[in-house]
Amino acid sequence: MRKYIFGLVVIVTLGVFLSCKSTKTETTEDNELSAYIMVYFKDDDHSLHMALSTDGYSFTDINKGNAIVAGDTIASQKGIRDPHISRGPDGAFYVVMTDLHIFGKEKGYRDTQWERPGEQYDWGNNRGFVLMKSYDLIHWTHSNFLFDEAFEGYENIGCAWAPQTIYDPKEKKMMVYFTMRMNHGLTKLYYAYANEDFTALISEPKLLFEYPDENIKVLDADISQMPDGRYCMTYVAQERPIGIKTAFSNNINKGYEYNPEWIDQEPGSCEAPNIWKRIDSDTWVLMYDIYSINPHNFGFVETSDFKTFKNLGHFNEGLMKTTNFTSPKHGAIISITKKEASLLAKHWGISLSL
């Protein structure tokens, strides 16, 4: 897997990033949003993958379905899951991932099924995340963050999963929100703030949302700011079947009001909701991972009001397509500029019509 690493070195000066820029004169068109980047992972390699789209419907993996960063080079457990990407006000891209390999024993990375005893910490029982930052989607810095090493009282953390990021304009920091449990307890949704370099969380986790049924596990939150300024949080409620609901708030990190309606359109269980906006459109797309089908696939619904959702089907079974990869897991999509897409396509040697 190491052959897929693409310059994962710590870049510390802006000059290095500037040297990656095109020497051509930039135009307004170059800096307009005109493409989409998707991050995802696969179970067979537990590594980071990326795909590009120029229309928001058809996605092409930039490395022909192979990983662009090998999980065994960046994660303490030699594997990553649940990658999420966002853009900060500094123009940088932020990628955060679960530091966990569920097949670590089979791959020879450890002698036990899990890193710690399953009878005490349950399924997965990882302790933290992998944090990455880039200004060009090509050169990245990365660091490992483990809760039990950073904060007192987290020796018995049961898991830390599915991290995501969003900029909090009030705190003027990148907010990382995630799923966490202690020991065998129920998974709940929490948030904390990252440092400027995006190498660590600098505040202890606080509860983000409390589900009205205290016996139900919730996980995999995704927060988007709506046109009216409010925040929509999609998340997974582990009822039967497991699916996706919404909650709304005027504040990014508190006050989310429960909505009982299910918004995914699957008869079986799904997880990993991610909402992204179509360029030059008033429509938003909710993407989610349907793990209850084989082979697993992504599902899509579209909305303009965050109340009614039109079913777009699954990858390669409706409007949404993949051209050179199958069975992505737990992904996220954001829009990027023409220049960013062109540089990325050139770096990976793929043809891209913008």
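1. In this predicted model, Glu 239 and Lys 245 form a salt bridge through their side chains, with an N to O distance of 3.4 Å. The two partners fall into separate burial classes, since Lys 245 has a relative accessibility of 3% and counts as buried, whereas Glu 239, at 25%, counts as partly exposed.

2. A search of the whole structure gives 10 salt bridges, and one of them joins the side chains of Lys 329 and Asp 43 at 3.0 Å, N to O. Lys 329 belongs to strand β21 (residues 329-337), while Asp 43 sits in the loop between β1 (33-41) and β2 (48-53), so this pair ties together parts that lie 286 residues apart in sequence. Both Lys 329 and Asp 43 are buried.

3. The Lys 329 and Asp 43 pair should be read together with Arg 81, because a network of salt bridges links Asp 43, Arg 81 and Lys 329, a salt bridge being counted where a side-chain nitrogen of Lys or Arg is within 4 Å of a carboxyl oxygen of Asp or Glu.

4. A further salt bridge connects Arg 87 with Glu 340, whose closest N and O atoms are 2.9 Å apart. This pair also links distant parts of the chain, with Arg 87 in strand β4 (residues 80-87) and Glu 340 in helix α4 (residues 338-348), 253 residues apart. As for burial, Glu 340 is buried, with a relative accessible area of 14%, whereas Arg 87, at 30% relative accessibility, counts as partly exposed.

Technical notes:
Residues are numbered from 1 along each chain as its sequence is written. This is a predicted model: local features need pLDDT of at least 70, side-chain atom pairs count only at pLDDT 80 or more; totals for chains, interfaces and linings use all residues. Side-chain values use heavy atoms; hydrogens and water are left out. Helices (H or I, at least four residues) and strands (E, at least two) are DSSP runs, numbered from the N terminus. Buried means under 20% relative accessible area, exposed over 50%, partly exposed in between (1.4 Å probe, protein chains only).
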